[in-house]
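Reader: Could you walk me through this model, one feature at a time?

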Amino acid sequence: MSDSYRVAILGATGAVGTELLELLETRNFPVGELKLLASEFSAGKTLKFKEQSLQVEAVTNDSFNKVDLVLASAGASVSKVWAKKAVEAGAVVIDNSSAFRMDSQVPLVVPEVNPEAAALHKGIVANPNCTTILMSVAVWPLHKIQPVQRLVVATYQSASGAGSRAMAEMKIQAQEILDGKTPTTDIFPYPLAFNLFPHNSQLNEQGYCQEEMKMLDETRKIFGSKELRITATCIRVPVLRAHSEAINLEFAEPFSVVKAREVLSQAPGVTLVENWQENYFPMPMVASGKDDVLVGRIRQDISQAEGLELWLSGDQVRKGAALNAVQIAELLVAKNWLRIPVGTF
């Protein structure tokens, strides 16, 4: 196994791309060489890595030569163009877009849940949707002990889920509204400041949006449970960073609150946050910048004995995207899985 790796970040100037850069440094990932890639629009910009100034390059057909690992976070349309070319050049791609998540040949991995799936890659490993990752980290430890029969989730998704431009727009909107002006709406279809609305992804014939369907389909794939009954309602809320989720779990038999608390307090990637006297539970403001998913307000569902309620907040840019990708990369290195097997993608 090599002591260091040649790494490329595709989409280096975006919110997740810059987070990837920070995490590679702070987690001491064994980077031998680092290449920053983006669109022609961003080419020429410089970003810091270990006190070095690295120039962003426009991605081309030659960008992936002599690269071992590509961390891609530039959107599905970009990944569909470049991921396979990177694999053909000999690199393993960890893709943060929706391009390959439901492809049967591509493992969809949350390291705290299904790390073994990463070994089956054929050159591409998919990073799940942010809301799916946060939910999986919190629910899987309970599901392992007593399989979940039905899962109902409502998400409260911050502006950061739509990128740095959306965060900037919400700040502008807030000031415009306070000044009595009509708020700017370039990124979102409606004002997000002082407002909320159902997730603005495309609706299907059943009335579910793409974001909700991602949670359904991806969770089943990650858990290896095609029969899991799950439904979701995804809402955009006027929060800058970090998503929150209200989750209702139904089991075949009652799952004690005491046991759930004990399990989650020891679960990897989870921090239990509960102060019932102060009514203090996970909040996006506290979760921002944290690696762990904050979980709390665990309580019995009073409508059914087999039900359990919990609430979480997690940094969608970090664990919901960049951190999960870097953890997958660390897993590939640790297990010596960072190689292209015979019969590539």
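Author: Accessible areas come from the Shrake-Rupley method with a 1.4 Å probe, and for residues only the protein chains shown count as cover. Here, the chain exposes about 15600 Å², with carbon and sulfur atoms supplying 50% of that area. This is a predicted model, in which local features need pLDDT of at least 70 and side-chain atom pairs count only at pLDDT 80 or more, while totals for chains, interfaces and linings use all residues. Residues are numbered from 1 along each chain as its sequence is written, and side-chain values use heavy atoms, leaving out hydrogens and water.

Reader: How many helices and strands are in the chain?

Author: Helices (H or I, at least four residues) and strands (E, at least two) are DSSP runs, numbered from the N terminus. The chain has 8 helices and 14 strands.

Reader: What does the radius of gyration say about the chain?

Author: That radius is taken over C-alpha atoms, and the globule rule is 2.2 Å times the number of residues to the power 0.38. For 345 residues, the rule puts a compact globule near 20 Å, and the chain agrees because its own value is 20 Å. Along the principal axes, the C-alpha atoms fill a box of roughly 60 × 55 × 45 Å.

Reader: Which residue does the UniProt "binding site" annotation cover?

Author: UniProt positions are given in the numbering used here, feature names are shortened, and annotations may be inferred rather than shown by experiment. The unreviewed UniProt entry places "binding site" on R101. R101 sits in the loop between β6 (92–95) and β7 (124–126).

Reader: Is R101 buried or exposed?

Author: Buried means under 20% relative accessible area, exposed over 50%, and partly exposed in between (1.4 Å probe, protein chains only). R101 has 4% relative accessibility, so it counts as buried. Across the chain, 52% of the 345 residues count as buried.

Reader: Which residues is R101 in contact with?

Author: Contact means heavy atoms within 4.5 Å. Leaving aside neighbours within four places in sequence, the contacts of R101 include N96, V106, N127, K214 and E218.

Reader: Where is H143 found?

Author: H143 belongs to helix α3 (residues 130–145). H143 is buried, with a relative accessible area of 10%. Beyond its neighbours within four places in sequence, H143 is in contact with V148 and F223.

Reader: What share of contacts joins residues at least 24 apart?

Author: Among contacts between residues at least 6 apart in sequence, that share is 67% in the chain.
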